[in-house]
Amino acid sequence: MPVMEFPVELKRISKILVVGPAWIGDMMMAQSFFKLLKIRNPHVQIDVLASGWTRLLLAHMPEVNSVIDMPIGHGVLALKERYRLGKSLADKGYEQAILLPNSLKSAFIPFFANIPLRTGWRGEMRYGFLNDVRKLDKQHYPLMVQRYMALAFPRNAILPEQFPYPELVVEKENRAALLEKFSL
């Protein structure tokens, strides 16, 4: 893959919490977003708050530093649990949270964690919970991957026409075992 250059420099944020999407396919698309963050700032630490079924996928994305298990099921409010989880993250040093889901519920944990910069699409009326609220123009960003990538840039930035494709890293031991197991 050719080296990509982007005209807009990422502010030197050192630690980002990403609230990841709940679905495996969406999380796979999110890797393009993670790669963009790393291309723009190679030293940024990216931690992802994610559902348990996406943990193994994230383990094969070298851009992700760590995965924080989301113990609350999809669609469940569980405000007390979200408050406790947010407070447990408050002292982790996150400078920015980027929310890939558009739900109001996804905005609670970064808010409760008191993360200073909370970026995401307006979604379900998340005013007050996000302080870098973006208005989504679906005509301008018709693809979900574009919507994720746009959050890696400042508001109104022009997205690159080409973007990094997902590319999972597989350990050599696992690769050899799977090739043998399935006679490939």
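Some ground rules before you start. Residues are numbered from 1 along each chain as its sequence is written, and side-chain values use heavy atoms, with hydrogens and water left out. Because the model is predicted, local features need pLDDT of at least 70 and side-chain atom pairs count only at pLDDT 80 or more, while totals for chains, interfaces and linings use all residues.

**Stop 1: the sheet.** Show the strands (DSSP runs of E, at least two residues; helices are runs of H or I, at least four, and both are numbered from the N terminus). You'll see an open sheet of six strands in the order S3-S2-S1-S4-S5-S6, with parallel pairing. Two strands pair if DSSP finds at least two bridges between them. Strand S3 (66–69) and strand S6 (132–134) stand at the edges with a single partner strand each, so one side of each has no neighbour in the sheet.

**Stop 2: strand S1.** Select residues 15–19. Five of the five residues here are buried, so S1 is largely enclosed by the rest of the structure. Buried means under 20% relative accessible area, exposed over 50% and partly exposed in between, using a 1.4 Å probe and protein chains only. In a regular strand the side chains alternate between the two faces of the sheet. Here Lys15, Leu17 and Val19 lie on one side, with Ile16 and Val18 on the other.

S1 and S2 pair in the parallel sense over five bridges. Then look towards S4, which four bridges join to S1; there, Gln96 is the bridge partner of Ile16.

**Stop 3: helix H1.** Select residues 24–40. How far apart are the end C-alpha atoms of H1? They are 25 Å apart, which agrees with the 24 Å that its 17 residues should span at 1.5 Å a residue (the expected span is 1.5 Å times one less than the number of residues). Colour its buried residues, among them Met27, Phe33, Phe34 and Leu37. What covers the buried residues of H1 includes strand S1, strand S2 (45–50) and helix H5 (144–150). Together, S1, H1 and S2 make a right-handed β-α-β unit: with the strands pointing away from you, the path from the first strand over the helix to the second runs clockwise.

**Last stop: S4 and S5.** Select residues 117–121 to find strand S5, which runs parallel to S4 and is joined to it by four bridges. Ile98 stands opposite Thr119 in S5.

Notes
Contact = heavy atoms within 4.5 Å.
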